[in-house]
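Please have the viewer open as you read.

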Amino acid sequence: MSSFATYPSLAAKSVFITGGATGIGASLTRHFAEQGCRVGFVDIDDAAAEALVADLSSTVHYRYCDIRDIDALRAAIASFEAEAGHVDILVNNAANDDRHKVEAVDTAYWDDRMAVNLRPQFFAAQAVRAGMARAGGGSIINLGSIVVSMAAADCVAYVAAKAGVYGMTRALAREFGPDRIRVNCLVPGWVMTERQVKLWLDEAGERRIAERQCIPDKMEPADIARMALFLAADDSRHCTAQSFVVDGGWT
């Protein structure tokens, strides 16, 4: 039996997650489904998404969507709302933290990084607002990153986009608040997803974790998902316009 929390207020809630097939996103999908939520998620990895859906309940639904295509993202949200009635909880998770040198960045690459890491979060929030307002409220969780406070130097466009997420979160919280829609930023540290381990966890990375984190244990996707559950549940009903850092004390 799990020693982690169950949130009665999440039962039967409708949750929409971007990038829900792998990594942190897959853990989000799984954790919300295990709370009894109806979950819809989008991704570009069909194989991983279909395997995840097969492993979970029939209340989990997947739709292919490249979130750079805002019309396709809106259509995916509308399709889920047609089945669920409205979205209670939006988790803007999808992102891409590819490394790049300043000298190699051109306007096309810069615009693409914004199109992946910032723009979809705004338009997804815009799309779910009316349904949340009609339902009497909701929770929007935007994923940030500790790269902003770290001033990471090998992914400036990604850092800029994630810094934008912070400001956008606070502005949306102010605008959506009268409808009892809460908007928060969930800020992960270095989470050991399959991608992170494969691309960047070497001996130097192991040393950085030991040196920088207050807690020595490596962070797992579930550590982020469990904070998302809290921010989605009624337990956090007066938490809005805030950034919640889950990084083992790195920053």
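The notes below go from the sheet to the packing around it.

This is a predicted model, in which local features need pLDDT of at least 70 and side-chain atom pairs count only at pLDDT 80 or more, while totals for chains, interfaces and linings use all residues. Residues are numbered from 1 along each chain as its sequence is written, and side-chain values use heavy atoms, with hydrogens and water left out.

**The sheet**
- Seven strands form an open sheet with parallel pairing, in the order E3-E2-E1-E4-E5-E6-E7; strands are DSSP runs of E with at least two residues, helices are runs of H or I with at least four, and both are numbered from the N terminus.
- Strands E3 (60-64) and E7 are at the edges with a single partner strand each, so one side of each has no neighbour in the sheet; pairing requires at least two DSSP bridges between two strands.
- From one strand to the next, the twist averages 20°.
- E1 and E4 are joined by 3 bridges in the parallel sense, and Ile 17 stands opposite Val 91 in E4.

**Helices on the sheet**
- Helix H7 (residues 156-176) packs on the sheet and touches E5, E6 (181-188) and E7, with its direction at about 160° to that of E6.
- Those angles run from 0 to 180 degrees between N-to-C directions, using axes fitted to C-alpha atoms, for helices over the stretch in contact.
- H10 lies across E4, E5, E6 and E7, and runs at about 165° to E6.

**Nonpolar cores**
- The largest nonpolar core holds 33 residues, and Leu 10, Phe 32 and Val 91 have the most contacts inside it; such a core is a set of buried Ala, Val, Leu, Ile, Met, Phe, Trp, Tyr and Cys residues joined through side-chain atoms within 4.5 Å.
- H10 gives this core its largest share, 6 residues.
- Beyond four places in sequence, Val 91 is in contact (heavy atoms within 4.5 Å) with residues including Phe 16, Ile 17, Leu 28, Phe 32 and Ile 141.
- Another core, of 25 residues, lies apart from the largest one and includes Ala 125, Val 128, Met 168 and Ala 173.

**A buried asparagine**
- Asn 117 is found in helix H4 (residues 107-117).
- Asn 117 counts as buried because its relative accessibility is 0%; buried means under 20% relative accessible area, exposed over 50% and partly exposed in between, with a 1.4 Å probe and protein chains only.
- A polar atom of the Asn 117 side chain is 2.8 Å from the backbone nitrogen of Asn 96.
- Leaving out residues up to four places away in sequence, Asn 117 touches Ala 95, Asn 96, Tyr 158, Ala 161 and Val 165.

Conventions: A polar contact is a pair of N or O atoms within 3.5 Å; within protein, one must be able to donate a hydrogen and the other to accept it, and residues adjacent in sequence count only if both atoms are side-chain atoms.
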